[in-house]
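Student: I am new to this structure and would like to learn how to read it, one feature at a time. Could we go through it together?

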Amino acid sequence: MTAKWICHPDDGREPRLVPVFRRGFSVEKPCIKGVLRLTAHGIYEAEINGSPVTENKFTPGLTSYYHRVQTQEYDVTALFREGENELRVTVGDGWWRWNNNFGYTLALLGEIRLLYADGSEETVFTDESWEVGLGPIVRTDLQKGEVYDARIDPHGWQKAALCNEHTEGKLIENQSVPVREKERFPGKPLRDAAGNLVIDFGQNIAGYVHMTLRNTSPGQVVRLKHGEGLDQNGCFSTANCDGGRTDFQEITYICKGAPVEDYTPLFAVFGFRYARVEGIVDADFEAIAVYSDMEQVGNFKCSNPLLNKLVENACWSQKGNFLDVPVDCPTRERNAWTGDAMIYCRTAAYFMDVHQFFKKWLADQTIEQYASGKVGITFPSTSSVHDPEELKAVRAKDPAMALAGPTGDGNIGEDSVGWGDSAVWIPYQMYLMYGDKSFLEEHYDTAKRWVEFSLRCMKEQNPLYAGAPWYANGDGDYIYDTRFHYGEWNEPLPPAPEVIELFAKGGTAADYVTHMAKYGKPEVATAYTKRSCDNLSHMARILGKDEDAAHYAALSAKIKAAYDKYLIGPDGTIQRGHQAAYIRALALDMVSKEKKPSVIAQLKRELEAANYHLNTGFLSTVYLLPTLCDIGLVDEAFRILEQTTDPGWLHPITLGATTMLENWNGMDMFRDSFNHYSFGAVCQFLFEYVAGIRPTFQAPGFKEFELRPLIGGSLTWAEGSYKTRYGTIESRWEHEGQRFAYTCTVPEGTSAHLTLPDGSAKTLSAGTYHFEGELHG
Ligand code: BGC
């Protein structure tokens, strides 16, 4: 006997039901252990005799359901009693049919194993003996929200049907870090400019609202709509983050009528700070943050309170977006975009222990890699395409948007460097931060296939550049000038004329991707492919693949030479007006010794022209401050960091932001998501440069590390701490005038190479140390 997938016989495309499964069973003799194993197509909440089985939420979690579905096991011994018992499991849409991603029917699979005191065992499997009915959750959707009718008791019990949808997905043991309810925020009521009752929870989070309603009448309807802000007119609005959807982040609760009613959504999660309330007089509201429950391991503080708030906001954006997979934002898209995670993964590790979180997620990237070597631009694939027939239909309608799916080739957006390079970068960075070689072992082949794909594209010729010197000189194989690349997405600069024209003509996002593919982005694509060759070569060396190591190192050298020769002008110009062009070239080692001084001179001009404000976009922002410091422009770096006018990290904070924004001026213009974590990667600079705590590849996982405290800007003191596998590293400096004092702690079993602000260097074994000295100059 094995468990069978069961479903509600009437569940399907429409109506979308929220089935409640139940199975009664009697325990006739003393039972010493009860073990429940469950999984679902959808997400499940289980209870035995009315008590919840777990505090974990959104189980079984999101994996590439085409290939693998997680199961969870619970010790439920304490929930049984002798005599009659009942197991009830409600299944909500979850990711399974959110946007119709994977399938149309919700289903349950599981078993309860009972071990009796007399040594005998009994197992109850999901099968046709179960009953299924409908409960008070009338409709549920992760993003749209929930309709809950408290007047409805579970009813309509009938025999469960067997379900065959997508059961080829392999069952695997749980690998997810559990998602749990974390911080709680009491709400403060206010009236917005339109007179709406709006509850302000004070912090932008991903989660939901627990409400306590008093003195309700039967059938009374309470509606909560969740949003991130009040618009320029002071009115509650979701316009910045709803992507044009009206059916968005809303709870409809229909009261049963009672002195007190309590409600918390089960299967919906929203990105919000505010909730607009309709239809209630007497109630309390509390927001609950929900995210993957990872240990918090790092802290940074300094004498500038705005920077401290920036750190807090970045950490909150991580919390708001790391719900089983790392999504771009908890509102509009909620897709696990590779580029965002690539940029931020190292910063993520400073705030929380993300080892298992990324281990589980990366496995899906490898599983879903296309035959071409491309990887999903978001994964697990949430493409609305879940069988080969549908894939064909989608392709026929719109070839550009023929997305992933089990047999797809990937869309043209998935050519993009900087996003696909996550296949190389994230395992490489996880190895650095945790010293766990399995990241390299498990993903080396994926990384190599991606790099090989990019190298093949590099060899293609772009007719637009037919007259370019790299073709004339036979160096076309080392300049990547074809395909679509997102590049410096969200650079705070006017868009290119061809982009303005396209959107003026009513072009869609799909048109944009198709259209821009014609232009390529040689400066970006060539640089990132070179970086990935470097990383791959280093990964190969660590894994003892010497031939590969030499091969990719040689390729990297050729690409660098071509870049330096063709894409950097004799006076160091790369792309006027774009700091990113110079930062990228310097950070990714694309510049020859000869041209370096002129490239730096151009960069200085760009900084001055921008009045020491940044104008980098998605990819280069993380490199901006470290690169400036590495080339000796420390004052400039701090000036940019501490700017309080746009574009910069601190301006939104002066406007009350509590998370990182998607756009450099998103708060003023009430545009774009207010909870996009990737620009929070500036915190890597705070940990690694200002506090000076840096990992090394020689002894990854902080077995050996560097301490290089950096004094600069308005700061009179700064401190950072980071809990490694060995213990906690601490680093703190203070300074006044030319004097500085520095204190650090090196954990047992590790050693640190310290470079003090006066330039003196020491190697330290475990212990706490204090130094004082004079700054030069
Ligand atoms: C997402 C980003 C993502 C990007 C691709 C956006 O819509 O929100 O975070 O990386 O698309 O450029």
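Predicted model: local features only at pLDDT ≥ 70, side-chain atom pairs only at ≥ 80, totals over all residues.

Student: Is Thr 573 buried or exposed?

Tutor: The term buried applies under 20% relative accessible area. Thr 573 has a relative accessible area of 14%, so this residue is buried.

Student: Which side chains make polar contacts with the side chain of Thr 573?

Tutor: The side chain of Asp 571 makes one at 2.8 Å, and the side chain of Gln 602 makes another at 3.4 Å. Leaving aside residues up to four places away in sequence, Thr 573 touches Leu 567, Ile 568, Tyr 582 and Gln 602.

Student: What is the nearest side chain of opposite charge to Asp 481?

Tutor: A salt bridge requires a side-chain nitrogen of Lys or Arg within 4 Å of a carboxyl oxygen of Asp or Glu. For Asp 481, which is buried, the nearest side chain of opposite charge is Arg 483, 9.3 Å away, and Asp 481 has no salt bridge. Its side chain does make a polar contact of 2.7 Å with the side chain of Tyr 471. Asp 481 itself is found in the loop between α7 (469–472) and α8 (497–504).

Student: In what order do the four strands of the open sheet run?

Tutor: The order is β29-β30-β34-β35, with mixed pairing. β29 (693–695) and β35 (761–764) stand at the edges, each with a single partner strand, so one side of each has no neighbour in the sheet. Strand β34 (residues 751–755) pairs with β35 in the antiparallel sense over four bridges, and Thr 755 stands opposite Ala 761 in β35.

Notes. Residues numbered from 1 in each chain as written. Heavy atoms only, no water. Pairing = 2+ DSSP bridges. Helix = DSSP H or I, 4+ residues; strand = E, 2+ residues; numbered from the N terminus. Buried < 20%, exposed > 50% of the residue type's maximum accessible area, 1.4 Å probe, protein only. Lys, Arg positive; Asp, Glu negative; His and termini not counted. Polar contact = N/O pair within 3.5 Å; in protein donor to acceptor, adjacent residues only side chain to side chain. Contact = heavy atoms within 4.5 Å.
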